[in-house]
Amino acid sequence: MNWRGLFLLAKFSRKRRWSGLPIIKIYLCEASGLALCSSSPSSRSSRSKQSQVITLVVLPILGSLVLFAGFAVFLWKRKKSSKHNTSEIDKSGFLLGNVDGKDLYKDIIEITENFDEKFCIGKGAYGSVYKITLPRGVRIGEFQLPKEKIIAVKKIHQTEEERLIDNQLFYYEIQTLSEIRHRNIMKLYGYCSTDQHRLIVCEYLERGNLAVILTHDAYAIELDWIKRLNVIGDVAHALSYLHHDCSPPIVHRDITSNNVLLDSKFRACVSDFGIARILKPDSSNWTMVVGTRGYIAPELAYIMTVTEKCDVYSFGVVALEVLMGAHPGDLITSLSSSTIELTLLNDILDPRLSLPTIEVASQILTVVKITLQCLEANPLCRPTMQHVSQQLSALWMPPILN
């Protein structure tokens with residue numbers, strides 16, 4: 001027999017079915033001169049009827065399967081999106097990362113004895129900060145603490161008349177903080193919103209805020225000239241990140257020595273974004289002045305327009321405060337970047353420290369000139385924080401010796 005090829009013919013059996021679908025039988029057809037297998041009129045009629053049956057049965061089933069698969073994918077994506085959004089801003093309950101932190105909330109209440117004053121380490125316009133030592137084994141986020149960990153918990157003030165306003169500010173602060181990643185900006189670990197409390201769980205910085213350090217002589221002396229130059233640089237880098245690396249840019253609006261915290265290695269971090277606002281092209285006007293007296297840009301007294309240049313001015317005040325050891329007060333208006341000289345530094349530098357070496361004094365003089373540019377009365381004449389950060393980075397900064 002001369003075999004020229006084998007063809008597969010699918011014939012659907014009408015006798016056996018599995019799951020409502022015809023069983024396919026496979027036949028081998030001898031191909032000699034490309035002759036087809038038996039194709040009598042009756043068989044063709046039978047196949048035609050079978051094709052109609054297949055069309056009526058199989059296509060609806062396939063259509064149903066496609067619809068079911070599409071619906072399943074839709075539900076999966078919706079659930080995933082919902083979970084992602086909840087992990088960012090959850091307005092009911094406690095959240096740390098992607099893990100429900102209700103047990104941690106109970107631990108905080110218990111450890112602080114329902115926020116007893118003895119655990120309070122600072123108070124601000126929007127809340128009180130508590131130092132809390134979490135015991136070994138407590139879960140934070142997705143991991144369990146291998147040892148004790150100290151955290152800071154900020155309890156937001158809530159009065160009846162400010163409840164609605166504070167609620168908006170609270171969630172704005174959380175959203176802002178959760179998106180920020182910078183070594184000179186305080187880290188956010190989690191937050192809580194209940195009927196009783198609104199809390200923000202943050203990184204704890206051992207040395208506390210800059211204002212307290214400058215007030216106490218022993219702490220101020222430990223903060224020598226090299227450390228002070230680095231603190232000024234750290235604050236500048238943080239603000240440059242907020243203004244130029246965040247989209248949309250963020251204006252802090254309350255840069256003060258109280259909102260600059262130092263860790264054990266004197267690294268400075270900007271904190272307290274309770275009044276931060278994300279700048280938008282069509283919403284730069286505000287109905288009230290928010291900030292701390294002595295640090296607010298002068299234009300806010302008559303123009304209710306907040307821009308990055310307001311933070312630039314406040315930075316200039318803080319930078320001078322770091323070098324002088326106290327708030328500069330009226331001295332701001334009498335100093336000029338074009339007239340300041342090395343010999344005049346003795347009149348403005350913190351007298352509690354020994355005079356700097358000539359090399360360090362030269363660096364301080366350059367920083368003072370940059371700072372005074374930030375204090376220009378006309379906001380258009382002030383540099384950007386990106387420019388200030390770059391200028392400070394270009395300076396030779398002696399390393400901090402621990």
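**Close-up views of helix H6 and its partners**

**View 1. Packing of H6 against H7.** In this predicted model, Trp225, Arg228, Val231, Ile232, Val235, Ala236, Leu239 and His243 of H6 meet Glu308, Asp311, Phe315, Ala319, Val322 and Leu323 of H7, a contact being heavy atoms within 4.5 Å. The residues of this contact of H6 with H7 divide into ten nonpolar, one polar and three charged. H6 and helix H7 (residues 308–324) pack at an angle of about 170°, their axes lying 10 Å apart, and H6 is therefore roughly antiparallel to H7 (angles over 145 degrees count as roughly antiparallel, under 35 as roughly parallel). Angles run from 0 to 180 degrees between N-to-C directions, and helices are DSSP runs (H or I) of at least four residues.

**View 2. Packing of H6 against H9.** Helix H6 (residues 225–244) and helix H9 (residues 358–374) pack at about 30°, with axes 11 Å apart, and are therefore roughly parallel to each other. From H6, Trp225, Leu229 and Ile232 meet Val360, Gln363, Ile364 and Val367 in H9.

View 3. Over residues 80–100 the pLDDT (the predictor's confidence in each residue, from 0 to 100) stays under 50, and the model has 41 contacts for them beyond four places in sequence. Residues 278–288 also have pLDDT below 50, with 23 contacts in the model beyond near neighbours in sequence. Where pLDDT is low, the predicted coordinates should not be read in detail.

**Notes.** Residues are numbered from 1 along each chain as its sequence is written, and side-chain values use heavy atoms, leaving out hydrogens and water. Local features need pLDDT of at least 70 and side-chain atom pairs count only at pLDDT 80 or more, whereas totals for chains, interfaces and linings use all residues.

Conventions. Helix = DSSP H or I, 4+ residues; strand = E, 2+ residues; numbered from the N terminus. Parallel < 35°, antiparallel > 145°, perpendicular 65-115°, else oblique. Nonpolar A, V, L, I, M, F, W, Y, C, P; charged D, E, K, R; others polar.
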